[in-house]
Amino acid sequence: MLQLTASQRDLRFNFLARTSRGALAVHTAWYLHLHDAADPTRPAGVGEAAPLAGLSPEHGPGFAAAVQALCARFNAAGYAEFSAADAPALVGPGQPALAFALETAALDWAGGGRRQLYANAFAEGRAGLPINGLVWMGDAAFMRRQIEEKLAAGYRCLKLKIGGLDFATELEILAEIRAVAGPAQLVLRVDANGAFAPAEALGKLAQLARFELHSIEQPVAAGQWRALAEVCRHSPVPVALDEELIGLETPAQQAALLAAVRPAYLVLKPTLLGGHAATRRWVAQAEAHGLGWWMTSALESNIGLNAVAQLTGEFAVGNFAQGLGTGQLYHNNVGAPLRIAAGHLHYAPQGPWETP
């Protein structure tokens, strides 16, 4: 009979991770372990639930109890077999990180507990995935140092968090980048995390446009569809939706958002959207509406990053950079055969893996 247990780890950042919503020093991840009580020699399937403060609907003091309640429901059901397709219904609505974790654990279990969830070129170690270099908010010197390191490491796409410094300083930093590398050499994305007031958004976007940006993520805070639609309609910088997607679990809700707002891109984070199957549905929505999209991890440890990356490998992303380079954030990350080289994430399926 299959059993589900849980463990947790407080992931500690190598620096104070700032966004326009605040700063993080520690991020708690929960791990679901799916195993067979009658066969202790078979490796467990492992999945990660790491809800984000201020974004994940299930984040808060009750999450530990929700994890234990899910394990209790699973174990009481007496499963002899369990597939990833069964996970969302058992978890229920409003708990996207838990659904992602249980789906991942089930996929890993089906694959023999080797952390190889899919049979694609990335998951089998035959090809890397292009990724953007993420530049975190901080003082100007900290951001400049990150940019220099990313350019030296061979990244062709940088993503900058903005909205935390004064806007004039952020414009200066973007001007410095463009003085070093033009748009033909370096793709630039920015993420405002909803920092712009609707009344000021288009004015700021007009100033950002001179840097020939690829896109801006979530320029205004989520939940303001009419204002966001105006920004998308008139912005000289293509707009990508990120936080706006959270909590829209039905195809009707998703289609209504895309029809009303008409963004250029969607940023897909399985931890926030409800897991593997839910993210695939968002990809289908994007393609049905003629929108671009890319996949992004959401500060998970390497367990979650690996799952998001292997899911990304199911799609033909070509040279389009994905947001998968966050595995180096923590000094106590789960040991994993993931590496970054020349702006690409690579996976070695032969391992080794640390058990969280």
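**Rings and charges**

Modeller: Start with a charge over a ring: Arg189 lies over the face of Trp294, 4.1 Å from the ring centre. Keep in mind that this is a predicted model.

Colleague: Which ring has Lys204 over its face?
Modeller: That's Phe167, with Lys204 at 5.0 Å from the ring centre.

Colleague: Now for ring against ring. What describes a pair of aromatic rings?
Modeller: You use the distance between the centres and the angle between the planes. Here the count comes to 11 aromatic pairs. In one of them, Phe74 and Tyr79, the centres are 4.8 Å apart and the planes are at 40°, so that pair is tilted. The angle falls between the cut-offs of 30 degrees for stacked and 60 for edge-to-face.

Colleague: What are the centre distance and plane angle for Tyr79 and Phe82?
Modeller: Their centres sit 4.9 Å apart with the planes at 70°, so we call this pair edge-to-face. Phe74, Tyr79 and Phe82 together make up one aromatic cluster.

Colleague: Is Phe74 buried or exposed?
Modeller: Phe74 is buried, as its relative accessible area is 0%. Phe82 counts as buried too, at 6% relative accessibility. Tyr79, which pairs with Phe74 and with Phe82, is partly exposed, with a relative accessible area of 22%.

Methods: Residues are numbered from 1 along each chain as its sequence is written. This is a predicted model: local features need pLDDT of at least 70, side-chain atom pairs count only at pLDDT 80 or more; totals for chains, interfaces and linings use all residues. Side-chain values use heavy atoms; hydrogens and water are left out. Rings of Phe, Tyr and Trp (its six-membered ring) pair if their centres lie within 6.5 Å; planes under 30 degrees apart count as stacked, over 60 as edge-to-face and the rest as tilted. Buried means under 20% relative accessible area, exposed over 50%, partly exposed in between (1.4 Å probe, protein chains only). A charge sits over a ring if NZ of Lys or CZ of Arg is within 6 Å of the ring centre and within 35 degrees of the ring normal.
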